[in-house]
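Reader: I have some questions about how the labels on this model were assigned. Please set each value against its cut-off.

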Amino acid sequence: MAYPPRVAFIVIACIFLVYVPDLISGQIRYSIPEEMEQGAFVGNIAQDLGLNVQQLTARKFRLSSDDGGRYMKVGLDNGLLSIRERIDRERICGQEGMCTIPFEITLENPLEVHRGKLEVLDINDNSPTFRDSTIALQMSEAITPGVRYRLESAEDPDIGINTVAAYALSSSEYFSLITQRTEDGLIIAQLRLDKSMDRELQSSFQLVLTATDGGNPERSGTAQILVTVLDFNDNSPVFEHEVYRSSLPENVPKGTFVMKVKANDLDEGPNAELTYSFSDLTLRRVQDLFSLVPDTGEIRVEGSLDFEEASSYSLDIQAVDHGSPAFTGHSKVLIKVTDMNDNAPEIKVKSTTNKIPENAPPGTIIALINIMDRDSGENGQVRCEVPQNYPFRLHPSSNHFKLVTSETLDREAISEYKIPVSAWDLGYPSLSTNKTIQIAITDINDNAPRFPERSYNIYVTENNAPGVSIFAVTASDPDLDQNSSVSYSFQNSYIQNMPVSTYLSINSMNGTIYALRSFDYEELKTFQIHVHARDAGVPPMSSSTTVNVIILDQNDNAPVIVSPSAQSGSAAVEIVPQSVGQGYLVTKIMATDADSGQNARLFYQMMKATDRSLFTVGQHSGEIRTARNILESDPTTQTLVILVKDNGQPSLSSTVTVDITFLQNSTERVAESSNLVKNPEYFSDVNLYLIIIFSCTSIVFLVIIVLLIGIKCKQDRNITQDYISPSYCYKRGDVQDTFIRRPAMEETLRYPGTGRVVRAPELQQYSVCLSPESAKSDFLFLKPCGAPASQAQC
Ligand SMILES: *[C@@H]1O[C@H](CO)[C@@H](O)[C@H](O)[C@H]1NC(C)=O
Ligand SMILES: *[C@@H]1O[C@H](CO)[C@@H](O)[C@H](O)[C@H]1NC(C)=O
Ligand SMILES: *[C@@H]1O[C@H](CO)[C@@H](O)[C@H](O)[C@H]1NC(C)=O
């Protein structure tokens with residue numbers, strides 16, 4: 001409560017007057033304002049005590065108390081109390097409302113003691129002061145208007161109205177001052193925030209607080225109020241870019257720097273300190289691939305980037321400041337991964353089968369091949385191939401390749417293929433993959449058993465033991481298992497009107513041929529059988545071969561003398577005119593040998609003679625001729641024993657005894673007969689027959705050929721080809737070849753006239769066909785195969 005100074009003065013004056021009557025109670029009381037000049041008048045104490053001024057000195061009038069004596073003095077001459085020393089009420093009494101200085105007046109003669117009090121009245125001699133000239137306040141920018149801050153009170157040692165009476169604040173749109181007086185009169189100043197602050201706009205305020213007292217003149221003191229606006233975390237971090245983009249090739253090494261992100265926060269201090277991290281929106285696996293340095297915002301590659309797994313990554317990143325509560329800023333990082341050719345093509349085979357039959361037609365699908373390359377672009381474009389030298393091709397089909405056969409396969413040539421399929425991409429460098437597809441070729445019974453020769457000549461010496469194995473044929477079949485298991489049999493045919501099975505047997509398993517009987521060369525010289533080989537496939541396949549069995553002669557027949565014929569038991573008789581000269585052909589020994597070849601080659605020699613000088617025997621011809629002229633003296637009957645022996649080993653022989661009688665006068669007849677026999681071969685029966693046979697043969701041949709050509713021409717075109725089987729020409733040539741090659745046969749042919757002529761009547765059996773029936777003949781003729789023997793006639 002402020003009192004106007006004038007009123008205060010009057011009040012003090014009244015108090016002053018009121019205290020004067022205190023004298024009555026023996027207490028003297030004076031009031032003076034503090035800070036009076038030295039010597040200033042306090043009161044006329046002598047008068048107030050009713051003392052005589054003249055007596056004062058005598059009665060040793062004095063101030064006896066120390067306190068009073070210190071500040072006041074009494075004038076002995078006038079009895080006036082005055083200021084000795086300037087009195088500072090605040091120093092003596094502080095803030096006490098009543099400040100009195102007690103004093104004692106002592107008088108002697110008689111001793112009188114008077115007590116008094118000097119009341120020191122306050123004057124406004126002090127200005128309000130603040131303890132600190134600067135009041136520092138820190139306020140969060142977040143506080144709401146209306147909040148008050150108690151300000152430090154100013155101090156003024158004066159009391160009453162002289163003490164602090166009011167505060168004032170320099171003008172500010174943000175702050176105002178509110179003062180309150182407490183019950184004990186103290187004024188409390190509060191700073192009130194009128195408007196919310198924004199540190200980011202203005203971070204501090206300077207105000208001046210003025211405290212004034214109520215004295216007259218009033219005094220004041222000021223203090224600076226420095227309001228520091230404390231940052232409140234009211235700003236979110238903001239990234240420099242909403243989206244960061246980067247691109248890097250796949251497979252970059254771990255630790256590769258990708259980019260650095262940066263966010264700014266307008267706040268300060270911890271509120272602006274940022275920590276970078278991936279936000280929850282970033283997939284876990286992506287977080288594993290990249291690292292984000294929390295302090296610097298550096299993004300590095302942490303895992304292995306695979307373009308084929310993901311061609312781009314989106315990282316949601318956040319920056320969190322260290323305020324409380326913290327604010328977060330978000331951004332996005334898009335990382336594009338570029339493809340490198342790091343994947344080789346993959347070959348996936350969907351085999352339909354791992355084996356195909358060899359007769360599968362070209363184009364048969366073996367497998368479906370899927371070729372993939374996980375790379376993209378050129379790196380993912382794939383070419384593939386199967387080497388040209390394999391009978392397989394790749395055909396592109398919608399999204400895969402078909403592996404098909406390109407030719408017919410032959411298991412017998414290659415039974416299994418390992419097909420290399422190679423695929424490569426167009427990247428640089430190109431990557432390739434190879435795969436082998438294994439395919440087994442299964443067997444089809446497509447091969448007939450095959451004999452190594454079209455025909456065989458086997459030689460069996462006659463007189464063989466029955467049951468002996470004479471030959472073995474083997475046919476091979478390149479097929480598999482039962483398709484190649486061959487069994488042998490004879491084709492039904494006849495040898496000399498007997499089924500072949502009566503002559504020979506064959507082991508059906510291994511083709512061993514056994515003779516069932518003993519052969520006689522003289523009966524059967526050669527015959528032909530057809531061996532049939534058949535595999536066990538379904539259906540079976542077969543082939544046959546021809547086996548020419550040639551019986552070899554053994555010297556088992558002795559020569560037989562045919563002429564001159566001798567009556568049984570006696571010698572042949574020849575009559576020779578005595579007049580013949582040297583060289584006369586007496587007779588010719590004719591002998592045959594059922595054997596052939598050397599076994600039938602006969603030699604004649606004279607074993608015994610009456611006169612060895614008279615006759616000679618042609619060693620080869622068997623001719624007995626005179627060796628010299630017959631003399632009168634020679635005995636008329638001569639006996640010769642001629643040995644005929646063959647050339648076999650051992651040789652067999654026969655003898656003939658010829659009795660020769662010389663006769664006179666029979667010259668003419670003898671000459672005739674000698675002419676006739678001079679060159680017996682010229683017109684021999686044998687030669688005649690030979691000519692006839694050759695002519696017949698030629699004619700028959702011509703007729704057959706003409707017939708065949710004629711028939712063929714008349715045939716419809718659709719007649720079966722079998723009629724003239726290709727084997728026709730084949731077999732004919734074969735037989736011919738065979739026999740021209742045989743030395744034994746050549747020999748036989750070379751000696752047609754020796755032992756064979758005697759069998760001339762049998763020539764009617766000869767046919768042009770080389771059939772078993774004709775086998776007796778030394779002359780071998782050809783007939784079309786398959787044509788019955790009866791067709792061929794002579
Ligand atoms: C595949 O085969 C090709 C040709 O033979 C060869 O050049 C390539 O190196 C092979 N690739 C692999 C992966 O073996
Ligand atoms: C034999 O060939 C037939 C077809 O001709 C075939 O079905 C069979 O599987 C073959 N046998 C073997 C053992 O390969
Ligand atoms: C054929 O089989 C028979 C009987 O098993 C045997 O005696 C013969 O020696 C065999 N022949 C061949 C050529 O294996």
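Reader: Why does Arg628 count as partly exposed?
Author: Its relative accessibility is 22%. Buried means under 20% relative accessible area, exposed means over 50%, and partly exposed lies in between, with a 1.4 Å probe and protein chains only. So Arg628, at 22%, counts as partly exposed. This is a predicted model, where local features need pLDDT of at least 70, side-chain atom pairs count only at pLDDT 80 or more, and totals for chains, interfaces and linings use all residues. Side-chain values use heavy atoms, without hydrogens and water, residues are numbered from 1 along each chain as its sequence is written, and chains are lettered from A and ligands numbered from 1 in the order in which they are written.

Reader: What makes Asp611 and Arg628 a salt bridge?
Author: Their side chains meet at 2.7 Å, N to O. A salt bridge is a side-chain nitrogen of Lys or Arg within 4 Å of a carboxyl oxygen of Asp or Glu. Therefore the pair qualifies. Asp611 itself is partly exposed, at 21% relative accessibility.

Reader: Which parts of the chain does the Asp611 and Arg628 pair link?
Author: Asp611 is in the loop between strand S45 (602-609) and strand S46 (615-617). Arg628 is in the loop between strand S47 (623-626) and strand S48 (637-646). The two residues are 17 apart. Strands here are DSSP runs (E, at least two residues), numbered from the N terminus.

Reader: How do you know that Asp443 and Arg411 pair up?
Author: The closest N and O atoms are 3.0 Å apart, and they form a salt bridge. Asp443 sits in the loop between S31 (432-442) and S32 (455-461), and Arg411 in the loop between S29 (400-405) and S30 (416-425), so the pair ties together parts 32 residues apart in sequence.

Reader: Are Asp443 and Arg411 buried or exposed?
Author: Asp443 has a relative accessible area of 15%, so it is buried. Arg411, at 10%, is buried too.

Reader: What makes Asp443 one of the residues around ligand 2?
Author: A residue is near a molecule if one of its heavy atoms lies within 4 Å of it. Asp443 is among the residues around ligand 2, with Ile444, Asn445, Asp481, Asn483 and Val538.

Notes. Helices (H or I, at least four residues) and strands (E, at least two) are DSSP runs, numbered from the N terminus.
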